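Here is a short briefing on charged side chains and where they pair. Have the sequence and the model open while you read.

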Amino acid sequence: AQMLNLAETFVSSLKKDLQMLTQVLTDHDVVQLRRQLHTLKGYVTFLCTASLGQELIVLEAGSRDKDFAQLAPSVQAVVPMLQSLLTEVEHWHTHVLQGQG
């Protein structure tokens with residue numbers, strides 16, 4: 001039950017944060033982009049692969065010294081991996097719920 005709750009919270013948060021990430025990329029808002037990376041690094045690394053986690057950590061740390069034009073391409077490259085993670089956790093969550101029924 002606790003894992004299901006964690007998965008639900010993770011899915012909800014990641015959906016919201018991916019929407020926000022898309023918006024700040026559209027708005028070219030480097031301050032919000034840095035904040036969003038910090039937020040994602042804080043919880044996504046808990047459930048993602050080591051390589052994606054490391055990429056988020058490096059990206060967030062490097063974001064402090066980069067402007068939007070330098071940062072945006074790296075962030076855009078990570079978005080599909082985050083979307084894939086979201087799909088994977090949603091699939092796991094659905095599978096577990098179906099097994100309980």
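Buried means under 20% relative accessible area, exposed means over 50%, and partly exposed lies in between (1.4 Å probe, protein chains only). This is a predicted model, in which local features need pLDDT of at least 70, side-chain atom pairs count only at pLDDT 80 or more, and totals for chains, interfaces and linings use all residues. Residues are numbered from 1 along each chain as its sequence is written, and side-chain values use heavy atoms, with hydrogens and water left out.

**Salt bridges: rule and count**
- A salt bridge is a side-chain nitrogen of Lys or Arg within 4 Å of a carboxyl oxygen of Asp or Glu.
- Side chains of opposite charge can pair when their charged atoms come close.
- The rule gives four salt bridges here.

**The K15 and E90 pair**
- K15 and E90 form a salt bridge, with their closest N and O atoms 3.1 Å apart.
- K15 sits in helix 1 (residues 2–27) and E90 in helix 4 (residues 68–100), so the bridge ties together parts 75 residues apart in sequence. Helices are DSSP runs (H or I, at least four residues), numbered from the N terminus.
- K15 is partly exposed at 41% relative accessible area. E90 is also partly exposed, at 24%.

**The network around E60**
- K41, E60 and R64 are linked in a network of salt bridges.
- K41 bridges to E60, the closest N and O atoms being 3.3 Å apart. This pair links helix 2 (residues 30–44), which holds K41, with helix 3 (residues 50–63), which holds E60; the two residues are 19 apart.
- E60 also bridges to R64, at 3.1 Å between the closest N and O atoms.
- E60 is buried, at 5% relative accessibility. K41 is partly exposed at 21%, and R64 is exposed at 54%.
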